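Please go through this model with the report below. It starts with the overall fold and then turns to single residues.

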Amino acid sequence: VQRYAHMSSVTGDAGGGYKREDGNLIVSVSHKWKATLNEHTADTLRLLLLAAALTATNQASNATLAVAISGVKVGYSYWVGAYNITSAALTFATLTKTEGVDYVLDYASGILTILPGSTIVDSDAVAGTISVPAVKLNTFTHEKDLRATGAFQILEFDQFAAAPRKHHTFTGELWVSNWGEQTVEQPNEFEVEILAISKPVTKERNDS
């Protein structure tokens, strides 16, 4: 709460005037909570990335997913378009090459690397198929939503009863105020602030 002192003029000794504070007016009110979080879910990750609401772009199970890269360069890496690959049948300029000698395929990430000294040459086209399982994915667009707005409920607990001590409800906005130090001891901690836009309504437990 920020206040402003209001003054009134008063007649003093020998007719001299002085000012006396006759009021302390409130000029602004900010109803805010701060919390430290240490879990990364889809929703908290969205806040950390300042991202828009997530959308699902799931990878479907496919036993014969086609791979096509128009031209590769020796020493470079390429994504084949899927994750958690279980098997692969690839050709380079229509020829079968030796995995581990001519190229390396990381089956978890789907990254294909053309090894220096291999028989694959620059501009060789990659074709073939890979087998992949279903994978659930969430897609975010970074730096699109700088805050989250909506209806909030905050519950406060103490050691004297199982029921909440206080229950606040309001319309507000939430944002990440501190991304944390990302230390070995606390690698995941970050801070958020929640500002009440509407006047909060509070229910307080009556223990009498």
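## Secondary structure and basis

The protein comes to one helix and 15 strands. Helices (H or I, at least four residues) and strands (E, at least two) are DSSP runs, numbered from the N terminus.

This is a predicted model: local features need pLDDT of at least 70, side-chain atom pairs count only at pLDDT 80 or more, and totals for chains, interfaces and linings use all residues. Residues are numbered from 1 along each chain as its sequence is written, and side-chain values use heavy atoms, with hydrogens and water left out.

## Overall dimensions

The radius of gyration of the protein is 31 Å, whereas a compact globule of 208 residues would have one near 17 Å. The radius is taken over C-alpha atoms, and the globule rule is 2.2 Å times the number of residues to the power 0.38. Along the principal axes, the C-alpha atoms fill a box of roughly 110 × 50 × 30 Å.

Of the 208 residues, 24% are buried. Buried means under 20% relative accessible area, exposed over 50%, and partly exposed in between (1.4 Å probe, protein chains only). Among contacts (heavy atoms within 4.5 Å) with a separation of 6 or more, 64% join residues 24 or more positions apart.

Thr44 lies in helix α1, residues 42-48. Thr44 counts as buried because its relative accessible area is 13%. A polar atom of its side chain lies 3.2 Å from the backbone oxygen of Glu39. Beyond neighbours within four places in sequence, Thr44 contacts Leu37, Glu39 and Phe190.

Leu50 sits in the loop between α1 and β4 (55-56). Leu50 is partly exposed, at 21% relative accessible area.

Most residues other than glycine have a negative phi. Leu50 has a positive phi, near 55°. Asn84 also has a positive phi, about 55°, although Asn84 is not a glycine.

Asn84 belongs to the loop between β6 (77-79) and β7 (87-92). Asn84 is partly exposed, with a relative accessible area of 39%.

## Gly150 in strand β12

Where is Gly150 placed? Gly150 is in strand β12, residues 148-156. Gly150 counts as partly exposed because its relative accessibility is 28%.

Gly150 touches Phe170, Thr171 and Gly172, not counting residues up to four places away in sequence. Arg165 is 15 residues from Gly150 along the chain, and their C-alpha atoms are separated by 23 Å.

How values were computed. A polar contact is a pair of N or O atoms within 3.5 Å; within protein, one must be able to donate a hydrogen and the other to accept it, and residues adjacent in sequence count only if both atoms are side-chain atoms.
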